[in-house]
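Visitor: I am new to reading protein models. Could you walk me through this one?

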Amino acid sequence: MKTLQELTRPNIWRLKPYSSARDEYSGASASVFLDANENPYNLPHNRYPDPMQRDLKLELSKIKKVTPAHIFLGNGSDEAIDLVFRAFCEPGRDNVVAIDPTYGMYQVCADVNDVEYRKVLLHDDFQFSADELLAVADERTKMIFLCSPNNPTGNDLLRSEIIKVINDFEGLVILDEAYNDFSDEPSFLSELGKYPNLIILQTFSKAFGCAAIRLGMAFASEGIIGVLSKIKYPYNVNQLTQQQAIEMLHKYYEIERWVKILKEERGYLEEAFVELPCVLQVFPSNANFFLARVTDAVKIYNYLVGEGIIVRNRNSISLCGNCLRVTVGTRTENAKLIGALKKYQ
Ligand code: PMP
């Protein structure tokens with residue numbers, strides 16, 4: 001791996017971050033706070049939140065078995081995706097490599113930050129080859145993006161290929177595990193210590209059932225977390241979100257229960273889909289959604305909208321011609337979908 005300094009944009013490496021009032025004083029013993037130009041009325045919403053989200057990171061560290069110094073929290077994982085471009089890629093000069101198809105925000109953030117985005121097509125079974133990715137990387141490639149289970153294909157990427165990319169690439173590997181809770185493959189989180197160039201993304205939006213509160217997690221070396229923390233907005237995770245996330249972590253058993261139900265429902269939906277005349281192929285999934293090739297994705301998508309059911313039309317995405325992406329819902333929702341598709345002709 002190149003050094004973190006070599007991988008970081010020079011202006012970011014040199015940056016002296018903004019120091020907020022709550023950065024300078026964070027002890028609990030004071031009772032009079034006249035330092036942050038807040039309004040003394042309207043407790044508790046009048047106070048700025050903890051910029052480093054210490055209580056939340058502590059709770060999270062117990063569940064994730066990672067110390068707080070290895071955790072970055074952002075306004076969704078989308079914030080972390082944008083920040084890695086801003087931290088590590090020189091606009092107009094550096095590039096990144098990613099599998100294709102995959103989650104669309106990697107390319108959007110690359111485009112926003114004027115960073116070349118090099119795509120490598122997945123194979124027909126939606127797997128990738130580490131060598132093919134590494135072959136398109138050059139000395140200006142700062143990051144490689146992998147998403148496992150991948151969106152929109154739903155499959156886990158081969159662990160051996162992921163490891164090969166991490167081991168053989170000189171830059172940073174961003175491994176997006178947004179859907180890992182639904183997979184039987186273990187997360188790479190327990191191996192973070194082995195890989196100084198690895199950034200793992202996870203989110204409260206999927207298995208944790210908290211998409212509304214906008215909370216994403218990045219796990220990486222202390223050095224990388226330090227760079228991301230330096231350039232984030234001072235109060236990027238609001239107080240309501242921090243509180244709600246802690247409450248959710250105290251009910252972690254609920255998350256485990258939801259995951260178990262959703263995996264069962266995925267099986268139910270997949271089995272029912274295979275029997276439908278309008279379905280040509282159901283792709284195996286390790287996520288809380290699956291991809292299905294149908295006879296006519298546009299027509300079926302519009303038909304379902306007419307029935308009040310919204311799925312995602314992925315027809316125009318690489319390798320996904322005539323494919324719909326279906327999120328696993330409750331049994332009632334899933335049964336409505338199957339019922340509607342049975343009536344379709
Ligand atoms: N990564 C992947 C693979 C996703 O599919 C999504 C959302 N659809 C995200 C990240 C973004 O998650 P968040 O809500 O945490 O921004």
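Visitor: At what angle do helix 10 and helix 11 pack, and how far apart are their axes?

Guide: Keep in mind that this is a predicted model. In it, helix 10 (residues 239-250) packs against helix 11 (residues 252-275) at an angle of about 70 degrees, and their axes are 4 Å apart.

Visitor: Why is helix 10 called roughly perpendicular to helix 11?

Guide: Angles of 65 to 115 degrees count as roughly perpendicular. The angle here is about 70 degrees, so helix 10 is roughly perpendicular to helix 11.

Visitor: Which residues of helix 10 and helix 11 meet?

Guide: From helix 10 come Met248, Leu249 and His250, and they meet Tyr252, Tyr253, Glu254, Ile255 and Trp258 of helix 11. This contact divides into six nonpolar residues, one polar and one charged.

Visitor: Which residues lie nearest the centre of the largest pocket?

Guide: Arg22, Ser26, Tyr48, Pro49 and Asp50 do, out of 16 lining residues. The pocket's volume is about 390 Å³. The lining divides into seven nonpolar, four polar and five charged residues.

Visitor: What is the volume of the second largest pocket?

Guide: About 320 Å³. Thr102, Tyr103, Gly104, Met105 and Arg314 are the closest to its centre among 18 lining residues.

Terms used:
Residues are numbered from 1 along each chain as its sequence is written. This is a predicted model: local features need pLDDT of at least 70, side-chain atom pairs count only at pLDDT 80 or more; totals for chains, interfaces and linings use all residues. Side-chain values use heavy atoms; hydrogens and water are left out. Axes are lines fitted to C-alpha atoms, for helices over the stretch in contact, and angles run from 0 to 180 degrees between N-to-C directions. Helices (H or I, at least four residues) and strands (E, at least two) are DSSP runs, numbered from the N terminus. Angles under 35 degrees count as roughly parallel, over 145 as roughly antiparallel, 65 to 115 as roughly perpendicular and the rest as oblique. Contact means heavy atoms within 4.5 Å. Ala, Val, Leu, Ile, Met, Phe, Trp, Tyr, Cys and Pro count as nonpolar, Asp, Glu, Lys and Arg as charged, and the others, Gly among them, as polar. On a 1 Å grid over the protein atoms alone, a cavity is a set of points where a 1.4 Å probe fits but cannot get out, and a pocket is an open set with protein on both sides within 12 Å along at least five of seven lines; lining residues have an atom within 4 Å of a point. Grid points are joined across faces, edges and corners, and a volume is the space filled by probe spheres set on the points.
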